[in-house]
Amino acid sequence: MAKVIILGSGPAGISAALYTVRAGMQTTILSKGSGALEKTEKIENYYGFAEPVTGPALQAAGIAQAKRLGAEFIETEVVGLSYEEDYVVQTTTGTYHADGVIIATGSPRKTPRIAGIAELEGHGVSHCAVCDAFFYRGKEVAVLGNGEYALHEATALLPVAGSVTILTDGAEPEANFPPEVKANTAKIAKIEGDERVSGVLFEDDTRLSADGVFVAYGVAGSAELARKIGAETEGSRIVVDENCATALPGLYAAGDCTGGLLQIAKAVYEGAKAGTELMKYLRKQ
């Protein structure tokens, strides 16, 4: 039985699961709590409801439907995605293997508004420690974040970098960082550098020398997960073809993470498309 992992339990992820599980594939949905739909008070532009429906009600109905058909749900935080002999999804509670993966974790609604991040992206500002750690051998690096995702990135950098500092930007650390990782809780004013990152300036006028800054703010978003495995992205959007397939065999994306119309109808369609196309791909293997 082919194993499918779906990242995200919103409309796109659930829609995909309805097709893969009914096709007889072992389907596991990994999700960390509520998404954008859970925060929607009233929906009246979605087909089939004579009266407005709340986001939580629609979400709960979709999850119940997928569970009834046999999909497995695991609440956990995804921090990494890689490919060895199969797809490997790393989470805060364990590692999961699959023959195919559908990314449906939505679109980031919150990004750090820190001067220098956008300007120096690709010039010392990185979103993937696994991808770029090699370039910082023996150098001083910083990781922006305070949770499990930041811990994952710091752990990937520790064996390679000369020093690793966690920058929480005023927040309290939410993860147990190892003693080798320094922590700085000061508010950040800007990431400094001309052609490349040279350091970090804090609001108290202190500075941290750094050759690289890795952004691991909050929870790993769709684009960050895609970048880790080498899939093409444009900003926060995962690039897919008309079949919701990335350039990597067996890796699909659906919903808000692919950009375009951020609506339930579009997410449901793309989830269905990703699910059916992944099903066709795995049956040929």
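Colleague: Which residue in β3 does T28 stand opposite?

Modeller: T28 stands opposite E72 in β3. A word on the source: this is a predicted model, where local features need pLDDT of at least 70, side-chain atom pairs count only at pLDDT 80 or more, and totals for chains, interfaces and linings use all residues. Residues are numbered from 1 along each chain as its sequence is written, and side-chain values use heavy atoms, with hydrogens and water left out.

Colleague: How many bridges join β2 to β3?

Modeller: Strands of a sheet pair through backbone hydrogen bonds, either parallel or antiparallel. Two strands pair here if DSSP finds at least two bridges between them. Strands are DSSP runs of E, at least two residues; helices are runs of H or I, at least four; both are numbered from the N terminus. β2 (residues 26-31) and β3 run parallel, joined by four bridges.

Colleague: What is the strand order of the five-strand sheet?

Modeller: The order is β3-β2-β1-β7-β18, in an open sheet with parallel pairing. β3 (72-75) and β18 (251-253) stand at the edges with a single partner strand each, so one side of each has no neighbour in the sheet. The twist averages 20° from one strand to the next.

Colleague: Which strands stand at the edges of the three-strand sheet?

Modeller: This open sheet has the order β4-β5-β6, with antiparallel pairing. β4 (78-83) and β6 (95-98) stand at the edges; each has a single partner strand, so one side of each is left without a neighbour in the sheet. Strand β5 (residues 87-91) pairs with β6 over four bridges, in the antiparallel sense. There, V89 stands opposite Y96. Helix α5 packs on the sheet, touching β4 and β5 (contact means heavy atoms within 4.5 Å). The direction of α5 makes about 30° with that of β4. Axes are lines fitted to C-alpha atoms, for helices over the stretch in contact, and angles run from 0 to 180 degrees between N-to-C directions.

Colleague: Why is α5 largely enclosed by the rest of the structure?

Modeller: Buried means under 20% relative accessible area, exposed over 50%, partly exposed in between (1.4 Å probe, protein chains only). Seven of the eight residues of α5 (residues 222-229) are buried, so the helix is largely enclosed. Among the buried residues are E224, L225 and K228. G230 follows α5, with a positive phi near 95°.

Colleague: How do I read the packing of α1 and α6, and at what angle do their axes cross?

Modeller: Two packed helices are described by the angle between their axes and the distance between the axes. The axes of α1 (residues 11-22) and α6 (residues 264-284) cross at roughly 35° and come within 7 Å. The crossing is right-handed.

Colleague: How many disulfides does a search of the whole structure find?

Modeller: A disulfide is a covalent bond between the sulfur atoms of two cysteines. The criterion here is a pair of cysteine sulfur atoms within 2.5 Å. The search finds zero disulfides. For C244, the nearest cysteine sulfur is that of C257, 8.9 Å away. C244 counts as buried at 4% relative accessibility. C257 is buried too, at 0%.

Notes
Left-handed = near helix turned anticlockwise from the far one by under 90°.
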